[in-house]
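Subject: Structure handover, salt bridges

Hello,

I am passing a structure on to you, along with some notes on its charged side chains. Please look at the sequence and the model first, then read on.

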Amino acid sequence: MRTLLLIGLLCSIGGTVRAQARVPARAGTAAMDCRACHTSATPTKNSPALAACPRLKITGYHAVDEAPPTLTLGRDGATYGAVIFAHRAHAHMAETGKGCNGCHHYDQARPIQKCKNCHAVSRQREDLGKPDLKAAMHRQCLDCHREWNPAGSCATCHVKAGSAAAKGAVAPVAGASVAGAPVAGASAAGAPVAAPRKATVVAPQRVVYETGAKEGKTVTFFHADHTGRFALACAACHQNESCRGCHDRKLLSGDRTVLARQTAKGLTDEQAHVRCAACHAKDECSTCHKGMSTKTIGFDHGRRTGFALNRFHAPLTCKQCHTAPGAFGRINASCESCHKGWQAKFAHARTGLTLDEQHKDVECAGCHEDKTFRDRPVCGSCHTDKTWPAQKPGTAAGRPAVKR
Amino acid sequence: MKSQNRRSFLKTSTAITVAATGLTPSTAHAGPTNILSPDRMGVLVDTTVCIGCRNCEWACKTAHGLETPPLDAYEDRTPLAKMRRPDETALTVVNQYENPKEPDLPITVKVQCMHCDHPACVSACIVGAIAKHANGEVVWDTDKCIGCRYCMVACPFQVPAFEYHKALGPRIMKCDFCSERRADGKLPACVESCPVEALTYGRREDLVRIAKERIKRSPDRYVEHIYGEAEVGGTSWCYLAGTDFDSLQFPKLGLNPAPGVSESIQHGIFAYFVPPVSLYALLGAVMWTSRHRHDEEEEQS
């Protein structure tokens, strides 16, 4: 009995020790690690270097499809009733933008908080620095809704007191049906949907981008093909964009086929191409960049890269040399990097020097030092004292001996 | 006998003058109250937040017992197309201006009494019917008003209105900062009704600090100017805007209190009764010398 007690005590101590040992480790992951939010080691107030929302990773918070389908916001007043908000439909839309953080802001790393945890319910309050609950909610919605629907009224979202909807016949669900977004949320909540107000996004037929690059100044993007023929979801391409990217009425002219926009500046080639490269990695630049001929667009390949595109290189497409997907970085300029095994069938006599018996077994690099084959070697380049064969080329200058 | 009388009159008048001079400090304070408490309240109007719903107009009329259509009638935005001023039927109005940044989203600006820290109307009122109170409000007293409407002329913002159509008991009508509601511990009606809290009610000091914080935090959103922080010596209602205040028809006023010049002249003339006393003294001296001359003339004749 004593022994058992002792073992039990030891076990419990052991357990305690383990538990204590575990605490710092758990605290390290549960409490915030600076790097969870900041990408830079030295974030400043002006450039906080914020990473994408780590909420999902940290808390294991639900996926968008598990988001509450509808929420009732506010309460019934004398003139206007509460808003039944199609939360999940908005969450789906938000996938193309800032995600959950677009609305659940300033609190990225913790589980999603109720609005009233930060925003005071009463307008008479201590902290006037942030809006009260009613104002915060109105601003949240109106920030987007005013922009793409300036004619909207209070009744766009609120049920009017005394109306048929308010008496329980039908309740409009704000934003229940959105182009491309599932409306399952609305029906799942059991709230009948009456005349859903569509946040219709009129996608452009094609978009002509003005790029900042010197080569391929304009890119014509066939938007309708991608959404229609290839059935890509909006969020497949549109990430981290504001609502206005699609809901801006100035851009919503479906009839206009050409919309000139600047691509974001300061992007590297890879960043600028990453969206298209997922599908178009093997396509030619000219598929997107019209008039990609270097001469027509004034890109001096020779001066900019040190590799002039003369004669036989002139008609080549970029991809024939720049094979890495999406990137136009500096490639190995040596001929062999592209022309592998060409020497075997090269008729050297074309250059004016017939390789005789003495020369035909010499390695190319034995004479063509720079491997670019640009400068023609003359006898004196190898035969330093010009008294061949008294002194064979290469040996004096430390070159590899000529194979016999 | 006659000279004796004049002398006694002068003596009495001097005594009265001295007595009056002694009383001057207390009489100056007996005038219209203008107490600038550091805790005076104000409202910060953020025109970049205002959506032009005009709920404040409805709430104001309801709170002041003025005639108004029901709230949902205010969803009609056509009245915004016309430039309006506060009048005896509407103590506050919302006007609409073009937005150079966002053509689709016009700027809307609520107009009402600014509740100046040094109100020209208070200074101009000859019967002390208008007063600035410690809680920031500039209010009008129906029992004292004689209907001279000097306040209407004096106001640099042209806010006070008069019930011309009323033959009996016409009133000066202007925003009273919801004096009664605030005394009951409630918010001003407009502030309470604003759905987006474009109107923030609080201590004026706090509001100016908050306004500065907002400008600092979003320099692109605001012009670096808090209208009313310094205009005409400061106003209890202050404004933030995303575009130049001139283009929103805010009057370009100096930083000196509006009643400054007129008050300094008027008060200068009557300061401590020195000028009247000096005038009387001068007149007395003239009379004294002329009386002497008169006696001499009588003797000669």
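The notes below go through the salt bridges, pair by pair, and end with a network.

Please keep in mind that this is a predicted model. Over all chains, the count of salt bridges comes to 22.

Two pairs in chain A come first. Asp132(A) and Arg123(A) meet through their side chains in a salt bridge, with 2.9 Å from N to O. Both partners, Asp132(A) and Arg123(A), are buried.

The other pair is Asp127(A) with Lys130(A), a salt bridge whose closest N and O atoms are 3.1 Å apart. Buried means under 20% relative accessible area and exposed means over 50%. Asp127(A) has 40% relative accessibility, so this residue counts as partly exposed. Lys130(A) is also partly exposed, because its relative accessibility is 33%.

In chain B, Arg204(B) and Asp117(B) form a salt bridge, and their closest N and O atoms are 3.9 Å apart. Arg204(B) and Asp117(B) are both buried.

Which residues of chain B are linked in a network of salt bridges? They are Asp39(B), Arg203(B), Glu205(B), Asp206(B), Arg209(B) and Glu213(B).

Regards

Notes
Residues numbered from 1 in each chain as written. Chains lettered and ligands numbered in written order. Predicted model: local features only at pLDDT ≥ 70, side-chain atom pairs only at ≥ 80, totals over all residues. Heavy atoms only, no water. Salt bridge = Lys/Arg side-chain N within 4 Å of Asp/Glu carboxyl O. Buried < 20%, exposed > 50% of the residue type's maximum accessible area, 1.4 Å probe, protein only.
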